[in-house]
Amino acid sequence: MYIFKAGVVGAGTMGGEIDQVISYSGLPVVLKDIDPAMLDRGMATVRKIYQGRVDKGKMSATEMDSKMSLIEPTLSYDSFGDVDIVIEAVPEKMAIKKAVLRELQAVVPETTIFASNTSALSISEMSAATDRPNKMIGMHFFNPAHVMKLVEIIPGLETSQETIDDVVMFTESLRKIAVVVQECPGFLVNRLLMPYLNEATYCLQEGAATATDIDAAVVEFGMPMGPFTLMDMLGIDVCQYVGDYLYDEYGPRMTPAPLFYKLVEAGRLGEKVGKGFYGYGGETDKPVRDIIAAFGRDPKSEFSVERVIYPLINEAVLAVQENIAAIHDVDMAMIAGTGMSYGGERKGPLAIADEIGLDVVLDGLNSFYALYGERFRPARLLRTKVRAGHRGVKARRGFHEYA
Ligand SMILES: NC(=O)c1ccc[n+]([C@@H]2O[C@H](COP(=O)([O-])OP(=O)(O)OC[C@H]3O[C@@H](n4cnc5c(N)ncnc54)[C@H](O)[C@@H]3O)[C@@H](O)[C@H]2O)c1
């Protein structure tokens, strides 16, 4: 099905950005909210992104006007009668999402695809609230959507292949990288990131290294920014919420570091309030150092880059083992979604594991498991690969094959 017109519901942080991405591709798009102030804010976001391009000489003012004219901001569903796809970007509450989907099905054509930008909620559950579960799909953009290339495409239990194909094609027409991910808590990128962010937080809490040192070591390894810089940007409250959710769903290997709760209790929610792991403006990180001192130094805890990266690699292996995504897709999603690299080349976790040697990663996980427990239990597929001699680049076979 060709998509001639799109709708976006919710003009907040994500809705405004998604609207810009769609209009930039040349497609007309209706942007709906219930709050006129948020609608204005959403349109201001779009205008600011385009104005930035004009200022940099990447676009003429006339082009900007023509792109802006593709967007119709509205408080009603009047212009939704001919949309081919609707992306909902309303707050992350299942009840609100379901209510919006029910409203939509009364006003859009029967063929319209329902996409949700949810970060974590179940697409299958949402689809059950509609009259078209075969047309319901997750379309998870990353923030800021006008910059981030990755879109995770999440089919629910009843999503048709045709819907998946249409949405992949639509995503590519937006000049984004579409990676199909089977429904699982955290989808792919957040599921893989959280064990890494969590382990870095354990290292800090246990006094094994400072936030600055951990960040620097991880950047040296190949991440575009360190875990604490990233968590301050994401919001510590958001990290705690996602951490709790993944712990509920996956169990002990995702046990959140207690330091998250202490920071949230202390109101250190990250850059948005001027203080998180680091202090910004007039704030310092002294209160965080005091909290860490109160935990006491854990003498058996040591920081190494492997200690924080191996849980991410192990989770990537678990995702492959569960058929959540194909091997190449896991690597591509992590490159596009996080900017991972290794040895100066853009590489995802499975390709990195191949470079390090799967036997080396497995030995490392086993040693960490002996010291720190469940967070490091090696994935069964990793053990199987090593037993089969698929040790990575040096054996010409690991997760990938090498000539
Ligand atoms: N913010 C992020 O970094 C991020 C990243 C990826 C995905 N997401 C997901 O995107 C979705 C939106 O997140 P956000 O950060 O943009 O939220 P937000 O709070 O910034 O915006 C939500 C918008 O929805 C509007 N809204 C509320 N109820 C509505 C209704 N019934 N009909 C129409 N509009 C309604 C609100 O007025 C608001 O403008 C969530 O599911 C979130 O999990 C967020």
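Colleague: How much space lies in the second largest pocket?

Modeller: About 310 Å³. A volume here is the space filled by probe spheres set on grid points, which are joined across faces, edges and corners. A pocket is an open set of points on a 1 Å grid over the protein atoms alone, where a 1.4 Å probe fits, with protein on both sides within 12 Å along at least five of seven lines. This is a predicted model: local features need pLDDT of at least 70 and side-chain atom pairs pLDDT 80 or more, while totals for chains, interfaces and linings use all residues. Residues are numbered from 1 along each chain as its sequence is written, and side-chain values use heavy atoms, with hydrogens and water left out.

Colleague: Which residues lie nearest the centre of that second largest pocket?

Modeller: Gln20, Tyr24, Ile49, Arg53 and His146, out of 14 lining residues; lining means having an atom within 4 Å of a point. Helices α1 and α2 (36–55) each supply at least two residues of that lining. Helices are DSSP runs of H or I with at least four residues, strands are runs of E with at least two, and both are numbered from the N terminus.

Colleague: Now the ligand. Which residues come nearest?

Modeller: Met14, Asp33, Glu92, Lys97 and Ser119, of the 23 residues around the ligand. A residue counts as near if one of its heavy atoms lies within 4 Å.

Colleague: What is 2.5 Å from an oxygen atom of the ligand?

Modeller: An N or O atom in the side chain of Glu92. A polar side-chain atom of Asn117 is 3.0 Å from a ligand oxygen, and a polar backbone atom of Gly12 is 3.5 Å from one. A polar contact is a pair of N or O atoms within 3.5 Å; within protein, one must be able to donate a hydrogen and the other to accept it, and residues adjacent in sequence count only if both atoms are side-chain atoms.

Colleague: Which element gives the largest share of the shell around the ligand?

Modeller: α4, with 3 residues.

Colleague: What does the side chain of Thr338 reach?

Modeller: The backbone oxygen of Met334, at 2.5 Å. A polar atom of the Thr338 side chain also lies 3.3 Å from the backbone nitrogen of Met340.
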